[in-house]
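Biologist: I would like to go through some of the labels used for this model. Please set each one against its cut-off.

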Amino acid sequence: WKIVFFLVDLMFLNTLTPKFYVALTGTSSLISGLILIFEWWYFRKYGTSFIEQVSVSHLRPLLGGVDSSSPSNSNTSNGDADSNRQSVSECKVWRNPLNLFRGAEYNRYTWVTGREPLTYYDMNLSAQDHQTFFTCDSDHLRPADAIMQKAWRERNPQARISAAHEALELEDCATAYILLAEEEATTIMEAERLFKQALKAGEGCYRRSQQLQHHGTQYEAQHRRDTNVLVYIKRRLAMCSRKLGRTREAVKMMRDLMKEFPLLSMFNIHENLLESLLELQNYADVQAVLAKYDDISLPKSATICYTAALLKARAVSDKFSPEAASRRGLSTAEMNAVEAIHRAVEFNPHVPKYLLEMKSLILPPEHILKRGDSEAIAYAFFHLQHWKRVEGALNLLHCTWEGTFRMIPYPLEKGHLFYPYPICTETADRELLPMFHEVSVYPKKELPFFILFTAGLCSFTAMLALLTHQFPELMGVFAKAFLSTLFAPLNFIMEKVESILPSSLWHQLTRI
C-alpha cells in the first residue's frame, strides 16, 4: 500500500500542469456560483434555503427525525390556503382611528419644519374614504351636495376649501363644515366650532332621511350617507374634547356614540375610548372594554394587544427585577405579563422600539397597516405617555420583548400565536410613511448557512482560478505543497501499519 500511494502521489503531482489547476478551480467556481444563484433565487421566492429544506424534509425522516413544522392533521393544504388568504386580507389598509387634523396639526408641522408629513398615497386613500362615506348617487338632487361631491375629488386643498365655502353659500351643508374643520381650521378650538355647526346641520339631514329610508333604495343610500356623516362628526367632536383636555366629556361622548350606533365598527371608536380611559387612569373600565373587543373572532390591533400587555404589566412592573426573577423564577402574575408582551410583540414587532425610544417618532399617517410600522407609529404616538405613567412597565418591556423572536418558530413568517406575518407590510408602509422616515422592517430575513457557504466557496475558488491563471508556476508549487501536506497524515499512518504488520503479510498484500 505504501508503494501504491507513493506511485500515485508521484505520478499525480508530477503530471499535473498549471492548465489543470486553472480548469479545476474555474469549474469549481462555476459550479458553486450556479448553486449560489439558485439558492438565492429560491430563498427570495420561498424564504428558506433549498438545501436546508431538502435536508429537513427528506433526510431527517430517513435518519429518524420528525419535522416539527408539519401539521398533525391532514388538512395541510387547506390550512396553508387559509393562512395565505388571511395574510392577504391583513395587508388591507385601515383608517387610523386617532388620525390628526390636517389644518390644525399636519399643516402646522409643515409650516414649522418644511416637511410634508402625509404622502400622496395616504391622502388619496382619504379622498376615497370621503367619497365613500360622505357622498351618494342622489347628491345631484341637492346643489350643495353636488358641489361637495366634486370637492372631495379635488386634489388641490385650496380648491376643496373654496368649493366648501361655495356650498355653504347655498345651504347649511354638514359635509362642507367637515371639510373646513379638517383642512381650513388652524386650531383645534376652531375645528370644534365648525364641527358643532356641522352637527346641527347633520342631525337635521339624519332625521329627515330616517323618516324616508324605507321608501326606496335611493332614500336608503341617503340615510346611510347621513348616518356616516353624523357618526363622523360626533367622533371628531369627541376627539376635539380629548385634545382640549376635557377627557371625561370625550369619554361620555364616545360611549354614547357607541351605544347609539353599535353596528358602525368601521370607525373603531373603541380605540379612541381606550386611549381616553388610559389618560384618566381608569384601568377597570379599560379592562372592561378590552374584554369586549379582544375577542378571538374580531380583528386585532396594536392598541388592543399592547393595552392588554400594559394592564398585565401594571400588576407586577413596579416590583419587577430581572436579577431577582432569574434567581427565583417568574411568578404566575409575571409570567402572564411576559406572555402578554410576547403576544403583543408578535402581533406588531415594530412598537417596542418606539415605546423604548430607540427610534424617533413622527406624526402618524391618516391610514395604517395593521402589524406594520405605520400602525406602530400611530400607537406609540398616543400611548407612550401611558406606558411611562405606569412605573416599571417600560423596564419590563425592555427586559422581555426580544425574547419573542426566539419563541417564534423558523422561518419568522410562520407565526406562533397569530397567523403568519404578512410579507407585504414593508411595501405598504413605504407608501404610507413620508420619505424622511426610515421604515422599520420585520422580519429581516437572515441568510441561511448554505447561501453563505456557497457564496464563500464561489469567491474562494474564483480567487484561486484567477491566481492560478496569473501565476501558474507559483500556484503549482503551492498546490503540490498542499497535496503533500494533505497526504502526510495518511503516509504517516501507512508507515505505522507497515511497522506493526509482519513483513511477509505486507509482502502478500502488496502483491495482491
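Biologist: Are Glu366 and Arg102 buried or exposed?

Modeller: Both Glu366 and Arg102 are buried. Buried stands for under 20% relative accessible area, exposed for over 50%, and partly exposed for what lies in between, with a 1.4 Å probe and protein chains only. This is a predicted model, in which local features need pLDDT of at least 70 and side-chain atom pairs count only at pLDDT 80 or more, while totals for chains, interfaces and linings use all residues. Residues are numbered from 1 along each chain as its sequence is written, and side-chain values use heavy atoms, leaving out hydrogens and water.

Biologist: Why is the pair of Glu366 and Arg102 called a salt bridge?

Modeller: The term requires a side-chain nitrogen of Lys or Arg within 4 Å of a carboxyl oxygen of Asp or Glu. The side chains of Glu366 and Arg102 meet at 2.9 Å, N to O, so the pair meets the rule. Helices (H or I, at least four residues) and strands (E, at least two) are DSSP runs, numbered from the N terminus.

Biologist: What makes Glu192 and Arg246 a salt bridge?

Modeller: Their side chains meet at 2.3 Å, N to O. Glu192 belongs to helix α10 (residues 188–212) and Arg246 to the loop between α11 (217–243) and α12, so this pair ties together parts 54 residues apart in sequence.

Biologist: How do you know that Glu192 is buried and Arg246 partly exposed?

Modeller: Glu192 has a relative accessible area of 9%, so it counts as buried. Arg246 has 30%, and is therefore partly exposed.

Biologist: Why is Ser301 called buried?

Modeller: Its relative accessibility is 2%, so Ser301 counts as buried. Ser301 is found in the loop between α14 (283–293) and α15 (302–314).

Biologist: Which residues does Ser301 touch?

Modeller: Contact means heavy atoms within 4.5 Å. Not counting residues up to four places away in sequence, Ser301 touches Glu271, Phe347, Lys370 and Glu375.
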